[in-house]
Amino acid sequence: MILPITVYGNPVLRKVAKEIKEDYKDLDKLIENMFETMYKAEGVGLAAPQVNKSIRLIVIDATPFAEDEPDLKDFKKVFINPEILEFKGEKELFNEGCLSLPGIREDVTRPTKIRIVYQDENFNEFEEVWEGVKARIVQHEHDHLQGKLFVDHISPIKKRLINSKLTAIAKGKTIPDYKIMRNK
Ligand code: NI
């Protein structure tokens, strides 16, 4: 089932999301719906607050980019209760977009390497070190669980330049070609 995606201005995107316990009801179904919603909107990652659920859940499928980035070959994953333990490496600029910020793309500076702990869909725990595009995608999605958006990382001047676009999204004047949840 395709779920409507929340957009800039929805308070759920600004909340710190809650931990998920193993008895969370219908988690499998939610994960399946999030993948379907992400594919339909042609996204690479989707965090639960983007489908109006303030819980610590992320789905990622970056495999369509494996042609350019061989490292992403098997990078289809579910992250439950992910926590970034360490940010490492240099900082790097990378052009980001977000399904909750339709029509906006900006260069964002982030560290190139992270150490992360998370559980998969079966609540098995993993600790990994990732760099490059993997680390980039995970940091962007993890931000959503902290109530952060990529526009929080850009300079005040750049932010001022996109302010009217942000307002248009918040007011429901920007209609992407995927289903969104209108702000109240
Ligand atoms: Ni996003």
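Is Asp23 buried or exposed? Asp23 is exposed, with a relative accessible area of 68%; here exposed means over 50%, buried under 20%, and partly exposed in between, using a 1.4 Å probe and protein chains only. Before the views, note that this is a predicted model, where local features need pLDDT of at least 70, side-chain atom pairs count only at pLDDT 80 or more, and totals for chains, interfaces and linings use all residues. Residues are numbered from 1 along each chain as its sequence is written, and side-chain values use heavy atoms, with hydrogens and water left out.

**View 1. Asp23 sits in a loop.** Look for Asp23 between strand S1 (5-6) and helix H1. Helices (H or I, at least four residues) and strands (E, at least two) are DSSP runs, numbered from the N terminus. Asp23 and Asn163 are 140 residues apart in sequence and 41 Å apart in space, C-alpha to C-alpha.

**View 2. Cys98, His140 and His144 hold out donor atoms to a nickel ion.** The atoms to find are SG of Cys98 and NE2 of both His140 and His144, lying 2.1 to 2.3 Å from the nickel ion. Donors are N, O and S atoms within 2.8 Å of the metal (3.2 Å for Na, K and Ca), and water is not among the atoms, so sites may look incomplete. Along the sequence, the donor residues follow the spacing C-x41-H-x3-H. Cys98 counts as buried because its relative accessibility is 9%, and His140 counts as buried at 8%.

View 3. With a relative accessible area of 0%, Ser100 is buried. A polar atom of its side chain lies 2.7 Å from the backbone oxygen of Thr6. The side chains of Ser100 and Gln50 are joined by a polar contact of 3.0 Å. A polar contact is a pair of N or O atoms within 3.5 Å; within protein, one must be able to donate a hydrogen and the other to accept it, and residues adjacent in sequence count only if both atoms are side-chain atoms.

**View 4. Asn81 is a buried residue in strand S4.** Its relative accessibility is 12%, so Asn81 counts as buried. The side chain of Asn81 has a polar atom 2.8 Å from the backbone nitrogen of Ile20, and makes a polar contact of 3.0 Å with the side chain of Gln119.

**View 5. Here is the largest nonpolar core, with 35 residues.** A nonpolar core is a set of buried Ala, Val, Leu, Ile, Met, Phe, Trp, Tyr and Cys residues joined through side-chain atoms within 4.5 Å. Met34, Leu46, Leu57, Val59, Leu101 and Val151 have the most contacts inside the core. Helix H1 (27-40), strand S3 (57-61), S4 and helix H4 (163-170) each supply at least two of its residues, and H1 gives the most, with six. Apart from this core lies another, of 18 residues, among them Ala62, Leu72, Phe75 and Ile116.
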